[in-house]
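Visitor: I have a model open and would like a quick walk through it. Can we go piece by piece?
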Amino acid sequence: MWRKALAAALLALAVGYFYHASPDLSEQILQYINLPAIRSARQGQDSQPSFEHLISAAWETLITVPTRQWSRVAVGVNACVDVVVSGVGLLQALAVDPGTGLDHEVLHSKEDLREAFIHYMARGAAAERFFSDKEVFQRIARAAAEYPGAKLYVGGNAALIGQKLATYPDLMVLLCGPVGPKLHEMLDEQIVVPPGSLQETDEYHLILEYKAGEQWGSTQAPQANRFIFSHDLSNGEMSSLETFVASLEEFQPDLVVLSGLHMMEGQGKELWEERLKEAVVAISDIPKDVPIHLELASMTDKEYMNSIMQEVMPIVSSIGLNEQELLFLAQAGEGPHADLPSWKGIPDVGRVSDILLWILEQYGRSDPSSEADLTRIHFHTLAYHILATVDGYWGNQAAAVVAGAHVASTQACGIRSVDVSKVQLKAPLEFNSSHLEPKVKLFLNPTEPVTVWRRGNITFHLTPVLVCKQPLRTVGLGDAISAEGLIYSELKPQQPF
Ligand SMILES: *[C@@H]1O[C@H](CO)[C@@H](O)[C@H](O)[C@H]1NC(C)=O
Ligand SMILES: *[C@@H]1O[C@H](CO)[C@@H](O)[C@H](O)[C@H]1NC(C)=O
């Protein structure tokens, strides 16, 4: 370590760069950049290219395929059809009259739907509810799917990750989840769905949109938002999990991607407690040499989150999450910065780094004598991404984190390559490796836009996102980021002890 720090310091002197750090930081690799010179380029005047130009150009050379690539990836288990439709339009088509709002924990009827929709529309707040009556729900779903202007999309993290993976023609992709006829038709034809996971009806998730200022009766929406509801028992119980694990034996994947654990939360503790135990047994049946990536999603029950942390995280190799999920994890597990109620603006890199380190030390394999499998976390937030890996297990991290940021910077704008006129750098140019002590001051260098630092046995790779100024559709962006990051990641062969 001392040798590395010395080499780094010499390099800094040799190229005339500067750095600034407290003395006891020998464990850290620093990135040095000539900040004042680059600052002046920010405006992108005349001859000086903008930061966005520099980053986009540098990314092109950084996205390199790993030496060993995946050939067969199995993905499960949440999948559905998202129907996006005008909320007021649909309710009118269902012959529902406007009225006063009232929140309902669970929707039992069209009346409940109307009241809950109005309740949230009046506040411009997002909400998601379960609709308990199957028949009525199916009638509403049919009306929604046929409503003029309704848009149908592939939904569910597993299906979205599968769709992204299927854009690579050499990759065999198996998708397991509740796949109905409509979803099957919408899936990329490269995706293999085992017969056991096909079902007669689709799981529709109805997304009722409203615009800012939109009026219905005496209700007016202060801002645009959406009200989501479904009668989705298959995903709520992760009913495809056993089929998924059983189909792996024949499919022989070299990577397994798992998502949908968050769907069980809404089913109540009795169900999730039981199902989570079964899930752990099923996941443990996956051969040890096949890495498992777990994609997390929004959860609100600390007890459930804690159970996932204790029981599931140590038996997967990798997780993907965003800033809300990361903070919730710290709060549920009483980790660092658990007292922070929410992020204010762009999440502070130092705090994010502290929580990532804590997860890998607490639930991962940062100590080689640990029994845990977790060695990789792909963190994404609007302004930047971080890939944190335990040393010795993963390769090609810089390319992987950049590939994820590249997809975030393009897909949100609905394009395939970065258009610098449509994006904006929002990441901080300076940040600390930790919010606690000791910390190292780090910089973002637009010509070398991956900042690397180490803490303990863990290496962090950060790259900014070129944030789309006018995003078209951001649903499933996190899934696309994680999928892309996995494509470019490489698992290093492990030496037997
Ligand atoms: C890092 O790895 C070494 C062995 O390679 C181990 O002794 C040490 O405990 C690990 N550090 C942490 C923080 O887990
Ligand atoms: C980094 O740490 C220094 C010293 O503690 C502090 O003054 C500075 O505000 C920190 N920067 C950020 C971005 O938090």
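This is a predicted model: local features need pLDDT of at least 70, side-chain atom pairs count only at pLDDT 80 or more; totals for chains, interfaces and linings use all residues.

Visitor: What is the strand order in the open sheet of 10 strands?
Guide: The order is S7-S6-S1-S12-S13-S14-S15-S16-S22-S21, and the pairing is mixed.

Visitor: Which strands stand at the edges there?
Guide: Strand S7 (191-192) and strand S21 (451-455). Each has a single partner strand, so one side of each is left without a neighbour in the sheet.

Visitor: And S1 with S12, parallel or antiparallel?
Guide: Parallel, over four bridges, with S1 covering residues 72-76 and S12 covering residues 255-259.

Visitor: What is the bridge partner of alanine 74 in S12?
Guide: Valine 256.

Visitor: What holds paired strands together in general?
Guide: Strands of a sheet pair through backbone hydrogen bonds, in either the parallel or the antiparallel sense.

Visitor: Now the sheet of six strands. What is the order?
Guide: S3-S4-S11-S8-S2-S5, an open sheet with mixed pairing. Strand S3 (106-107) and strand S5 (151-155) are the edge strands, and each pairs on one side only.

Visitor: How many bridges join S8 to S11?
Guide: Six. Strand S8 (residues 204-210) and strand S11 (residues 225-230) run antiparallel. Glutamate 209 is opposite arginine 226 of S11.

Visitor: On to helices. At what angle do the axes of H12 and H13 cross?
Guide: At roughly 90°, and the axes come within 9 Å. Helix H12 spans residues 302-312 and helix H13 spans residues 323-332.

Visitor: Which residues in H12 and H13 meet?
Guide: From H12, Lys302, Met305, Asn306 and Met309; from H13, Phe328, Leu329, Gln331 and Ala332.

Visitor: How do the residues of that contact divide into nonpolar, polar and charged?
Guide: Five are nonpolar, two polar and one charged.

Visitor: Change of topic. Which residues are around ligand 1?
Guide: Glu361, Ser366, Asp367, Pro368, Gly456 and Asn457. That shell holds one nonpolar, three polar and two charged residues.

Visitor: And which are around ligand 2?
Guide: Asp348, Gly350, Phe431, Asn432 and Lys439.

Visitor: How does the shell around ligand 2 divide?
Guide: Into one nonpolar, two polar and two charged residues.

Definitions and conventions:
Residues are numbered from 1 along each chain as its sequence is written. Chains are lettered from A and ligands numbered from 1 in the order in which they are written. A residue is near a molecule or strand if its C-beta atom, placed from the backbone, lies within 6 Å of it. Ala, Val, Leu, Ile, Met, Phe, Trp, Tyr, Cys and Pro count as nonpolar, Asp, Glu, Lys and Arg as charged, and the others, Gly among them, as polar. Axes are lines fitted to C-alpha atoms, for helices over the stretch in contact, and angles run from 0 to 180 degrees between N-to-C directions. Helices (H or I, at least four residues) and strands (E, at least two) are DSSP runs, numbered from the N terminus. Two residues are in contact if their C-beta atoms, placed from the backbone, lie within 7 Å. Two strands pair if DSSP finds at least two bridges between them.
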